[in-house]
Amino acid sequence: MIAIAFGLRLGRWGIVGFSLAAFVSTLVQTVGFYQIAGQGPGERIAFGNSILALASQFSALFPPPFRPDTVGGYVEFRGFHPLAILFAIWALASATGAARGDEERGLVEASLAAGISRIGLIGARTTAFAIALVVASAAAAAGFLVGVAAGHETVALPGVIEASGLLVAIGLSCYTLALLVAQLAAARAATAAAGVLLLALFLVNSLSRVFDSLSIWRWLSPFRYYDLNQPLPPGGPFEPRALVVLAGVSIFGAAIAAAAFDFRDLGAPLVRLPMPVRPESQSVTSAAWWRFPVWRGMYERRLGIAVWAIGMAVLAIVFVSLTRTIVQVLLSIPSLLPYLSIFVRQQVYPGVLGFTWFNVAQLLFAALAITYVARWSAEDTDGRLELTLSQPVSRAAVVVERMATLIASALVITAASGATLYYASHMQGIDLNPGRVVAASLMLVPFAVVFASAGSLLAAWNPRAAVGVLGAFAFASYLDTELGSIYKLPLWVQDLSAFKLFGTPLLTGVDGRNLALLVLLSLAGLAGSILAMQRRDVGA
Amino acid sequence: MLREMPTTAIRTSRLTKDYGAGRGLFDLDLQVAAQEVFGYLGPNGAGKTTTIRMLMGMIRPTSGSAFIFGLDSVRDAVDVKRKVGYLPGDVPQFGSLRGSEIIAYLGGMRGGVDRESVRKLAERFDLDLSRRFREYSSGNKQKLAIVLAFMHRPDLLILDEPTSSLDPLNQQEFYALLREARDDGATVFLSSHVLSEVEHVCDRVGIIRDGRLVRVAQLDELRRIRVHHVEIEFAQDSAVPGSEIRDAEGVEDVTVTGQRVTCRVRGSFQPLLSAIGDTTVVDLVSTEPTLEELFLSYFSERKPKALTS
C-alpha cells in the first residue's frame, strides 16, 4: 500500500494535469456540439455528414465516428479518441520514468533497500498508474456529463462508464508495454524504444484503415481493440471481449516486465549489446564544436535531432501516401463534392496535404519545444545550470543560447521533413509549389519558438512546474484555435493561439501579420525569460 | 611564480539570505586575504552552501553584499567567474556525456583551458575521461568536479565539501593539489564539516552555526579547540595508570573500567602519552568529536550568539 501511495505521490502532477485536460477537453467539446450542431434533426444530420467528411481526412489518426449527429458520437470522436492518444503518451512518459528515470535518481534502489520485492515494485507502480487513469477517465466522463446537462439533454450512463473504462484499458496496456520495453533497453534509449513500439502499434492499426495490406497485422495493436468500441452514442458498438483483450495485454505486459526486472541488474538493461571497449584516456576531446555556442548544444543533442528528423521525414512520406487515397475516397462520394469544392478550386491535393500534414507537424513541433523545455528544467534541478553559470557566461547568454540551439535544431528537422514532403509528393504525382513548401516548413520554426519561449519563461520562473504548465498552455492554445470560432471568441484571444497564427501556408502562403505576431510573442517570451532568469536564485 | 592580486580576495558585509523561519544566513561579515586557505566549518544545514552560492552569485542576498577581488558578486558575476574555480556541493548530472566531453563543453564556455593541464590533473587522480558520466562512481564524479574547478588555474577556488566521496589516498592527493595552488598564489575558500580536514589544510577557519558566523580562528586556536574521545585498553598483566592519566594536562572525563580507560583529550596528545609511560597498551582508539559536541564543549551553550573574530 505504501509503495502504491508513493507511486501516486510521484505522479501527482501528472494526475492533476491530465485529469484537468480530460475534463476541460470533453466539456468544451460537448458544449461546442450544442453551439454548432443545431437543434432540429435535419440540422444535426447535416452537421453529422460534415463531420463524417472531416473525419475521413483524419482516418489515419482516428477511426470514423459513429453517429456524429449525436452529442455522444461527436464527443467520442472529438474528445475521447484524442484522449486515448494523450493517455498513451502519458503512459509512455510514466512507465519509462518509473522504470529507468527513478532508477537513475536512486529511488528504485531506495525502494528495494526498504524491503519491497522487485515484482512488488512493478505491481505497485502499475496499480498506482491504473488508479491515476481511473481518476483522469472519470474526469473525462464528468466533463461530458456536465456538458450534456448544460445542453438540457440526457445520455445513457452505461455508455459513459464503458467509454471511460476503455480509456483506462488502453492507457494501462500502453503503460505495461512501455514498462516492458524499458526493462530491455539501456536507460538513455528506454523512452525512445518504448515510444517507437507504441507508435508502430498505433500506426499499424490506424494505417490499416487506409492500406489493406496492414490489416492482417492490426490484431497485434491494442489500439485496434480500443477502436472496436464506440459506446458513447446511442446504439454505438461495445465489444466486451475487446476490453478483456486490453486487460489481458496489461496483465501480461506487467508480468513479463516484472520478470525481466527480476532478472536484470539494477542500472543495466536486460539485453546488453556488445560494446567496443574504449581504451582508458586522460585526454580532453579536441573536437572543435564544443568551443562554439549553439554548435555544442546541437552536437550534444545530435542523436535526438537525427531521430526527430528521420521520424518526421518518414511521417511526411506516410502522409503523402495517404493523401492520394484520402482524396480519391472523398471525390468518390457525390454528397461530399459541395463540401470539397473549396479545396478543388484551390487544388485539392495541396489543400488536403496542407490540412493533414501541417496539422500533425504543428503538434509534433509543439512536442519538440516541450522536450527542450523539459531538458532546461532538468538542467536546473539536477545542478547542471549551476555549474554552467560558474563559468564566465551571463544568464542572458545561457537563455539566448538555449533558444538559438532550439531554432537550429528545428531548422534541421523541418528541412528534412520539408524536403521529404516535396520529393515524396513529386514522386506521387502531386506537384506542390516549392516556395510554399519552404515557407510552410519554415513557419514551423517560429511556431515552435513561441512554445519554447513560453517554456523558457516558465523554466526561469519555476523549473519543476515548467513542463506541466507549458503542456497545459499548448493544450489551451490548441483548444483556442479549435473552438475559437465555435464559441465566437474575440479575435485577439484567437490570435494568442500559435496554432491559429500558423494559418494555412501551404495553401495560401505565409500571412505576414500572423508571422509578425508569432515573432512578437516569441520575443516577449524571450525577454521575459531573460528578466526572470536574471532575478532568480539558482540551486536554491 | 606568484600571481599579483588585490590583498583581499573575499569580503562580505552584513551578507544575509533569509529563507524565513530562522533559516538562511544572517549578517555575515567576513574577509579572506589573497593567497590564504580559509576553512569554512559548520554542521549540515548551518549555511555553508548558502554562503558559497551567494559568493558565486547563484542566489541573491536578501541584504548585504559580497565582493570577490573587489568585484560585486551579483553585479559583476561574469567577471567574478573568470577568476574563480568552483566545486559545488552536489556534482550535477551529465547523463551520457563522456568525462572528456564535459570538460570540453565547460572549458569551451570558459575559454583558455590548457588541455595538457587537464590531462595532468586527470592522470594525477587516475580519472578515465573516456567513460560516460553515468558510468562513473560517486568518487570519480567528485574527481571530475575537482578537475573542472582547477582546470583553468583560477585565482580563487571556492570548494563546497570537496573531499566528500573521495577515498583517503585521493584525499591526500587533493590536499597536495590545494597546497600547490596556494604556493602558486591562489586563494582557497573551502567548506567542510570535518574538523581534521580543515585543520589539515587551512590557515584560518570560520565556524558557522545556525546561519551565523560564531568564530573566526587561527589554526593554533583551532588546535586548542580540538577535542578527541580516546579509548585505551591495557594488557591484562599491566597496571592501569588511572591517576597519572587523570592528572595529565588537557585530559578530562576519565573513566576506568577494568583494563579499559576512556577519556577526552583537549589539544596535544603528549601529556596523555607521557602518563601512559611504559605501560603495555594493546589497543588505542582516538575519535574526533562531532561538530555539535565541539560547539557544546567550546561554547558551553546550545545556541551560541554570534561572536566577532
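**View 1. The two domains of chain A have centres 25 Å apart, taken over C-alpha atoms.** This is a predicted model, where local features need pLDDT of at least 70, side-chain atom pairs count only at pLDDT 80 or more, and totals for chains, interfaces and linings use all residues. Residues are numbered from 1 along each chain as its sequence is written, while chains are lettered from A and ligands numbered from 1 in the order in which they are written. Domain 1 of chain A covers 1-267 and domain 2 covers 294-540; such bounds come from an automatic or database domain assignment. Where they touch, domain 1 of chain A puts in 16 residues and domain 2 of chain A puts in 20 residues (in contact means that C-beta atoms, placed from the backbone, lie within 7 Å). On the domain 1 side, helix H2 (12-36) and helix H3 (41-57) of chain A each give at least two residues. Helices (H or I, at least four residues) and strands (E, at least two) are DSSP runs, numbered from the N terminus. H2(A) has the largest share of that side, with seven residues. Sorted by class, the domain 1 side has eight nonpolar, eight polar and no charged residues. Here Ala, Val, Leu, Ile, Met, Phe, Trp, Tyr, Cys and Pro count as nonpolar, Asp, Glu, Lys and Arg as charged, and the others, Gly among them, as polar.

**View 2. Helix H4 (residues 71-104) of chain A packs against helix H6 (residues 118-150) of chain A.** Their axes are 11 Å apart, at an angle of about 160°. Axes are lines fitted to C-alpha atoms, for helices over the stretch in contact, and angles run from 0 to 180 degrees between N-to-C directions. The contact has 11 nonpolar, two polar and one charged residues.

**View 3. Helix H16 (residues 395-427) and helix H22 (residues 512-535) of chain A cross at roughly 140°.** Their axes come within 9 Å. Arg395(A), Ala396(A), Val399(A) and Met403(A) of H16(A) meet residues of H22(A) including Leu526(A) and Ile530(A).

**View 4. Chain A meets chain B using 30 residues from chain A and 36 residues from chain B.** Helix H11 (295-300) and helix H15 (384-389) of chain A each supply at least two residues on the chain A side. H15(A) gives the largest share of that side, five residues. By class, the chain A side has 10 nonpolar, 10 polar and 10 charged residues.

**View 5. Four strands of chain B make an open antiparallel sheet in the order S12-S13-S11-S14.** Two strands pair if DSSP finds at least two bridges between them. At the edges sit strand S12 (251-257) and strand S14 (281-287) of chain B, each pairing on one side only. From one strand to the next, the twist averages 15°. S12(B) and strand S13 (residues 260-266) of chain B pair over five bridges. Thr255(B) has Thr262(B) in S13(B) as its bridge partner.

Methods:
Contact = placed C-beta atoms within 7 Å.
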